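Reader: I am new to this structure. Please show me how to read it, feature by feature.

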Amino acid sequence: MALKDTLLRIFTWWNGQTMSLALYTARSGQFVGSDELGNKYYRAQGPLIDRSVGPERRWVIYDGYADASKVPPGWRGWLCHAVDVPPSEESYTPREWQKPHVENLTGTAGAYRPKGSQLSWGQRPAATGDYVPWTPGE
């Protein structure tokens, strides 16, 4: 591993797992499963350090850039303790209304910019004249 990769693993959390998470996972993590996007899910083995996290500690190691929207609905329910059985241990089939993952484009050129936004392309629509400014004492 190059020096740059080592420093990134020590000091950044958004590029995957940090060194401390890798050590914690190796020491007390139990692999539960993975999803179609390559994310890996773990649960803690042994007693909890902090009881405020719920009955057990659960976490995800993202495949690549950390984006919470990359967690499928079945795994999200398991991570948030909404369900006790992870999708890897049951036959989970998504509902027909559940859409496949679309990357979060906020902050990129592909972000949604509604009509009238200062960042959208083209000409801004003219003001309609219905704006009345507020002044104190009126």
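Author: We will take the sheet, then the charged pairs, then a few single residues. Keep in mind that this is a predicted model.

Reader: Let us begin with the sheet. In what order do the strands lie, and is the pairing parallel or antiparallel?

Author: The general idea comes first. Strands of a sheet pair through backbone hydrogen bonds, in a parallel or an antiparallel way. Here three strands make an open sheet, ordered β1-β2-β3, and the pairing is antiparallel. The edge strands are β1 (29–34) and β3, each of which pairs on one side only. From one strand to the next, the twist averages 30 degrees.

Reader: Which helix packs on the sheet?

Author: Helix α2, residues 19–28, packs there and touches β1, β2 and β3. The direction of α2 makes about 125 degrees with that of β3.

Reader: How many bridges join β1 to β2?

Author: Five bridges join these antiparallel strands. Take two pairs as landmarks. Gly33 has Tyr41 in β2 as its bridge partner. Ser34 stands opposite Lys40 in β2.

Reader: What lies between the two strands of that hairpin?

Author: Five residues lie between β1 and β2 in the hairpin. Gly38 takes a positive phi there, near 95 degrees.

Reader: And how many bridges join β2 to β3?

Author: Four bridges join β2, residues 40–44, to β3, and these strands run antiparallel. Lys40 stands opposite Ile61 in β3. Arg43 stands opposite Arg58, also in β3.

Reader: Is β2 mostly covered or mostly open?

Author: Mostly covered. Four of the five residues of β2 are buried.

Reader: Now the charges. How many salt bridges does a search of the whole structure find?

Author: Side chains of opposite charge can pair when their charged atoms come close. The search of the whole structure finds two salt bridges. In one, the side chains of Arg43 and Glu56 meet at 3.4 Å, N to O. This pair links distant parts of the chain: Arg43 is in strand β2, while Glu56 is in the loop between β2 and β3, 13 residues apart.

Reader: Why does Arg43 count as buried?

Author: Because its relative accessibility is 13%, and buried means under 20%. Glu56 is buried too, with a relative accessible area of 19%.

Reader: Which residues meet in the other salt bridge?

Author: The side chains of Glu56 and Arg58 meet, at 2.7 Å from N to O. Both Glu56 and Arg58 are buried. Shared partners join Arg43, Glu56 and Arg58 into one network of salt bridges.

Reader: What about Asp67: how far away is the nearest side chain of opposite charge?

Author: That side chain is Lys70, 6.3 Å away. Asp67 is buried yet has no salt bridge, because a salt bridge needs the nitrogen within 4 Å of a carboxyl oxygen.

Reader: Where is Asp67, and what does it touch?

Author: Asp67 sits in the loop between β3 (58–61) and α3 (73–79). Its side chain makes a polar contact of 3.0 Å with that of Ser69. Neighbours within four places in sequence aside, Asp67 is in contact with Tyr62, His101 and Asn104.

Reader: Back to helix α2. Is Thr25 buried or exposed?

Author: Thr25 belongs to helix α2. Thr25 is buried, with a relative accessible area of 9%. Its side chain reaches the backbone oxygen of Leu21 at 2.7 Å. Setting aside neighbours within four places in sequence, Thr25 is in contact with Gln17, Tyr42, Trp59 and Ile61.

Reader: Last, the backbone. Is the phi of His81 positive or negative?

Author: Here is the general idea. Most residues other than glycine have a negative phi. His81 is not a glycine, yet its phi is positive, at about 65 degrees. His81 lies in the segment after α3.

Reader: Why does His81 count as partly exposed?

Author: Because its relative accessibility is 27%.

How values were computed: Residues are numbered from 1 along each chain as its sequence is written. This is a predicted model: local features need pLDDT of at least 70, side-chain atom pairs count only at pLDDT 80 or more; totals for chains, interfaces and linings use all residues. Side-chain values use heavy atoms; hydrogens and water are left out. Buried means under 20% relative accessible area, exposed over 50%, partly exposed in between (1.4 Å probe, protein chains only). Lys and Arg count as positive and Asp and Glu as negative; His and the chain ends are not counted. A polar contact is a pair of N or O atoms within 3.5 Å; within protein, one must be able to donate a hydrogen and the other to accept it, and residues adjacent in sequence count only if both atoms are side-chain atoms. Contact means heavy atoms within 4.5 Å. Two strands pair if DSSP finds at least two bridges between them. Axes are lines fitted to C-alpha atoms, for helices over the stretch in contact, and angles run from 0 to 180 degrees between N-to-C directions.
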